[in-house]
Amino acid sequence: MTFSRCFPLLLALIVFAGCAKGAPEDKARAQGGGASRGSSFVTGSIGEPSNLIPILSADSASSDVAGLVYNGLVRYDKNLKLEGDLAQSWEVSPDGLGITFHLRRGVKWHDGHDFTSRDVLYTYKVTIDPKTPTAYAEDFKQVQTAEAVDTYTFKVRYAKPFAPALASWGMPVLPAHLLEGKDITKSPLSRKPVGTGPYIFKEWVPGQRLILEANPHYYEGAPHLSPYVYRIIPDNSTMYMELKAGGIDMMGLSPVQYQRQTGSREFLSRFNKYRYPASAYTYLGYNLRLPMFQDVRVRRALTCAINKEEIIQGVLLGMGQIAHGPYKPGTWAWKPRIEADPGYDPARAAALLKEAGYVMGSDGILVKDGKPLSFTIMTNQGNDQRLKCAQIIQRRLKRVGIDVKIRVMEWASFLTNFIDKGRFEAVLLGWTISQDPDLYDVWHSSKTGPKELNFIGYKNPELDRLIVEGRGTFDMAKRRESYYRIQEILAQDQPYTFLYVPDALPVVTSRIKGIEPAPAGISYNLIKWYVEQ
Amino acid sequence: MANYLIKRLLMLFPLLLGITLITFTVIHLAPGEPVEMQTAMSPKVSAQARARLREFYGLDKPLHVQYGMWLSNLAHLDFGRSFAPDNRPVLDKIKERIPITISLNVIALILEFGLALPIGILAAVHRDTLLDRAISVFVFAGFAVPTFWLALLCMYFFGVKLNWLPISGIHSLGSDALPTLARFWDLAKHLLLPISIATFGSLAGLSRYMRSTMLEVLSQDYITTARAKGVRERVVIYRHALKNALLPVITLLGFSLPALIGGSVIFETIFSIPGMGQLFYQGVMARDYPLVMGILVIGAGLTLVGNLLADLCYAVADPRIRHGRG
């Protein structure tokens, strides 16, 4: 007890001493935005959080901040494996239908109340409550019964085995004692959250910044960096200048910034650059309702004709890797070698198209039954990388005799007037790759309706079966078999031409120590980061 | 005069109603809905969740019902709650952004008028001289340079290279702890770049306008008469000519009133200033109907009041209008 109470004091003393020594320099730097700030940590965000009750918001800024203030029952560790967070341990029943969570004892909410199973039960109940306007009810709706067995035991039962279930309990747990019986949409917690996490919410200056402070009673130990300042800087160029002037400590770089603008010795002495695959991929999707794309030979020919490596060099300056399927390289569901992948081979593309019945017309465009092989690639406005990608593809396809037009649309009309109505030929878009490899929402044939995510209309009974099998299996090795097979089928069918997985390119000031890059990126151990005094 | 005023005031209401009806229609004609903008392409959102959100925002009701509800709330001065996930009252969101926007705009407006008018007069008095041409080049340079580009250059030079001025935002971290004077100095340093660049960009219009009205007045017979009488040139220009040349400027000032609560999106984005421009832009992008309508109604109201005030000031300033009808 004495140690835990003394420690922050000690830390404060050290920080204070550090500040006092660096005072004159502080002053000089502070004028340019302030660089040497003791152990404070400032990061920039393009967007402002919308709502800090996590089930009510869907934007990344909100989840960034909520991730520091709240905990879930489980979380992904640095190797992207599930580990206990507020749950010390859990058991899956032999039939795969029930999960029993044993909650961590002695965890306190930031206002001093004890964290118990009542909070977990409340979080579950409010999420599935029809009156709660949340986008996250779906996973919890699979739950048949949920009960708080005792203060530190929480039990759920599912109607059918559901592997993504476990990960869904990574949802931040909300404080029942502050919310129960109240209208969650009008709760002050949305602007002033109370959680169990490593940081305590302190202040929100609208449109400018959020300030969090280290939680001295955090169950894993208090974070060393405090205060944590989340600055809202809506423009990327401004953010980059703030970084260089010492106004922020960390940001994500663009490939151009990483490759061309941050190589000087001066920059490298002040900052550390990191690089690892991001959880996202970019693809060219074909509308499979159109006769032109129903022939698998045409789709395989398109993939053969596209040089993915060239796209990565041209668009990402090499900061990415080729995608062959919907998973992130290096994760457990990802298949390192996919046999059915066509690869880049223009000669084979020409042969496949000939086999499909296309003959070269006089104008250099392939023709079948009097109709030229021509389509439009649509993409959304404001994403320069996608546009460049489309242009490179256009040139490559022209060489094998395919005429491609490019159309860039504003996001809202792109979605409502074209995607939702199926009025498109090919689209160039991207998906984020979720930690759990379940593909139901994007690839199952039941998800081809309007506003659903299998908007290209891909239907393959074998794939459907494998997806259902995969989400119904808890054993990772067995699950992996399903996903390996799925990747082979997708590579064979090429409903998308999977293009690339870009790299995440964060940069952090070199005064911050303790950063250990891992498959999960760098921020997983933020609470262990420190400043050398 | 009183009759005229009452008539004008009564006219404001149907005008405002018409404006709200048109804007309501236009914003609903834009493709996409708030729910869609929040949930599109998100794998975790089911059709039920979407329906639930639509119901929560009242988007499942027919359009005329939605308009009616919005209008009756407005009659009680209730602008409704934002359709963003925070679901906060629209008025709160506007209130927290209005002070910085108005202060910035007022300062910029004072600087703009304070600089553009003398520049215009100077150019007119020294018509076709080197000075006149130099002024033209200067103000048109400000007009032609893309402000975001100039802003970035200045930020790089003064912020990164020289480290004299802060780059973005309106306060330094920890400025709350400073004494009042130091806090004011901190704020002033943050606002120096945005205000000077905004002013530089807006000089052209007003100064050219001032120059041409001044030239027009200077060619009038009564100026010639005054000169012929032997009145000193200073008096001719500043007492006789300037007074008359300033009349149209009143109208311009009236038009500037609604601009006081508007902000430039690009500017606010580059300098990370949490102003009305950004709020409105985000509102439109997210199809946050109540927020967009709220800002537009306030803007429209101010425009109408501004026009009315301009007309009234005109009547006060110009005896021809005041006594014209009598």
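The contact takes 42 residues from chain B and 44 residues from chain A, two residues being in contact if their C-beta atoms, placed from the backbone, lie within 7 Å. This is a predicted model, in which local features need pLDDT of at least 70 and side-chain atom pairs count only at pLDDT 80 or more, while totals for chains, interfaces and linings use all residues. Residues are numbered from 1 along each chain as its sequence is written, and chains are lettered from A in the order in which they are written.

On the side of chain B that touches chain A, the largest share, 5 residues, comes from helix 8 of chain B, where helices are DSSP runs (H or I, at least four residues) numbered from the N terminus. That side divides into 22 nonpolar, 14 polar and 6 charged residues; Ala, Val, Leu, Ile, Met, Phe, Trp, Tyr, Cys and Pro count as nonpolar, Asp, Glu, Lys and Arg as charged, and the others, Gly among them, as polar.

Within chain B, helix 9 (residues 180–218) bends by about 40 degrees at B:Leu203, the bend being the angle between axes fitted to the seven residues ending there and the seven starting there. Helix 9 of chain B spans only 49 Å between its end C-alpha atoms, whereas a straight helix of 39 residues would span 57 Å at 1.5 Å a residue (1.5 Å times one less than the number of residues).

B:Thr213, B:Met214, B:Val217 and B:Leu218 in helix 9 of chain B meet B:Ala241, B:Asn244 and B:Ala245 in helix 11 of chain B. By class, this contact of helix 9 with helix 11 of chain B has 5 nonpolar, 2 polar and no charged residues.

Terms used. Helices (H or I, at least four residues) and strands (E, at least two) are DSSP runs, numbered from the N terminus.
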